[in-house]
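Reader: Please take a close look at one chain of the model below and at the surfaces where its parts meet. A plain account is enough.

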Amino acid sequence: MLASLIGFLGDFELAEEAAQDAFAIAAERWPREGAPSNPRAWLVTTGRNRAIDRIRRERTLTEKTRLLELPEAMEDAMDETPIPDERLELVFTCCHPALELDTQVALTLRTLGGLDSDEIARAFLVSEQTMAKRLVRARQKIKRAGIPFRVPPAHLLPDRLDAVLAVVYLIFNEGYGGRSHLADEAIRLGHALAELMPDEPEVHALLALMLITDARREARFDDGVIVLLRDQDRSLWNLDQIATGRAALDRALALGGRGIYALHAAIASLHAEDPQDWPQLAALYAELARRTGSPVVRLNEAAAIAEAGDVAAALVLVESLELEQYHYHHSTRAELLRRVDRVDEARAAYGRALELVHSDAERCFLQQRLAELA
Amino acid sequence: MKYMLLIHHGETQWEQLSEEEQKRIPADYQAVSSTPGVTPGTWMEPPELATTVRVDGGKTLTTDGPFVAVKEALGGYLFYEADDLDAAIELASRIPAARLGGAVEVRPLKES
């Protein structure tokens, strides 16, 4: 509803006020007269009319002439009017690169995800006040710097779509660390994008990646301790969700998707098979590393190589990476050293990983591994 | 929307550029200046010739040099009337200073 109002009014603040007005009228009227047959359309229409009234009162807003030229709307007679879906324009506005990344995330959650500002503040561990200020500043920048409200033209679309997907994936990853409502929200956004951009392969690939990864959520923690993929209780996996994810991946591939998210999703899909095809996984990680230049992906490639049977080669790869401050680098190295019976070195590497780790769940896991070495 | 594009020069020296690039730069600036909606500004003398003035407790403090570090100093500007920020960003990306280690700041102007 908010997206429709913002689309119509071209103004975030005005749209929020109008939405509040509409809800207030509904709260007063619906219990008395019964809810209309299409509540969303009713709210949008009422919100629009309230906004038009507001604008008429504030004559100085001359740029809103587009609105004033519209014929007077009839509140209750418009119940069945189809409301154009303007969420797509809105997502490109929220994820505009002229806004800070944190702000893009917060705006997307607020306007498309339907989280209110104190929920977003809690999710990102900032005070409600800080988050409210950030959102106000963002809305002002959109309005006063002229950030457009539209789907970017074809020559800008690839870059801008990347920015949108990055925001959604960032939200998902925040949720994957344990705050699961954010993961749910990201998946909901992913579904909405796939519906709005049915021909973009990377949109389906991102949705596939999130669905397949999230399907293992219940098996990923045991009493707050992280459970490695190979030790997970597969009966806890959500198989329907994995199937939905694979269907999205198939769609992405059928559309010619060979991008970063398609690679990620293919990897997630292979990880959900039993037994896993480790040589294939190693090859996909290698391709992903080539595209992203990410040493973290190389680390995953090394783990896949080890699982495929060549622990020595994996160890050489791990030791060639410059990831001194990354605890997974040390824990992966420790695990490989353990497998080739270099126990003392393994112990030292686990120790280094423990010094760097932040999450309690991961610390417990590492302490367990270290204890098992003794 | 009206925007002011503030052109900051980077540290790239003219002599370091290829002959081809040296020929392209004036042509590119010319193309930017003749874009509909653009009101070209005047080039500034180098930041070494700047003087910065501050007032502290009623006392005027005058220092030699630009307000920011010399290498990031403002070198030129233009005005652009465009539909939206995307159009202004596109114009900014065509300004040679932006690809030569400098940057272009896009500032919306207040509606008068």
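Into which domains is chain A divided, and what residue ranges do they cover?

Author: This is a predicted model, in which local features need pLDDT of at least 70 and side-chain atom pairs count only at pLDDT 80 or more, while totals for chains, interfaces and linings use all residues. Residues are numbered from 1 along each chain as its sequence is written, chains are lettered from A and ligands numbered from 1 in the order in which they are written, and side-chain values use heavy atoms, with hydrogens and water left out.

Chain A is divided into domain 1 (2-84) and domain 2 (88-292), with bounds that come from an automatic or database domain assignment. Contact, meaning heavy atoms within 4.5 Å, joins 8 residues of domain 1 of chain A to 10 residues of domain 2 of chain A. The two domains bury about 910 Å² between them, and carbon and sulfur atoms account for 69% of it; buried area is the accessible area (1.4 Å probe) that two parts lose on being put together, summed over both. On the domain 1 side, Phe12(A), Glu13(A) and Glu16(A) lose the most area to domain 2 of chain A, together 57% of what that side buries.

Between these domains there are 0 salt bridges, a salt bridge being a side-chain nitrogen of Lys or Arg within 4 Å of a carboxyl oxygen of Asp or Glu. In domain 1 of chain A, the elements that give two or more residues to the side touching domain 2 are α1 (2-9) and α2 (12-33). The largest share, 4 residues, comes from α1(A). Helices (H or I, at least four residues) and strands (E, at least two) are DSSP runs, numbered from the N terminus.

Chain A also meets chain B. That contact takes 12 residues from chain A and 9 residues from chain B, and the area buried is about 760 Å², 53% of it from carbon and sulfur atoms. Arg144(A), Ala145(A) and Gly146(A) lose the most area on the chain A side, together 44% of what that side buries. Here the rule finds 3 salt bridges. Asp84(B) pairs with Arg150(A) in a salt bridge whose closest N and O atoms are 3.2 Å apart. There are also 7 residue pairs in polar contact between chain A and chain B (both at pLDDT 80 or more).

Helix α6 (residues 101-111) of chain A holds Thr108(A), and Gln104(A) lies in helix α6 as well. Thr108(A) counts as buried because its relative accessible area is 0%, where buried means under 20% relative accessible area, exposed over 50% and partly exposed in between (1.4 Å probe, protein chains only). Gln104(A), at 6% relative accessibility, is therefore buried too. Leaving aside neighbours up to four places away in sequence, Thr108(A) touches Cys94(A), Cys95(A), Gly113(A), Val167(A) and Leu189(A). A polar atom of the Gln104(A) side chain lies 2.9 Å from the backbone oxygen of Leu99(A).

Key. Polar contact = N/O pair within 3.5 Å; in protein donor to acceptor, adjacent residues only side chain to side chain.
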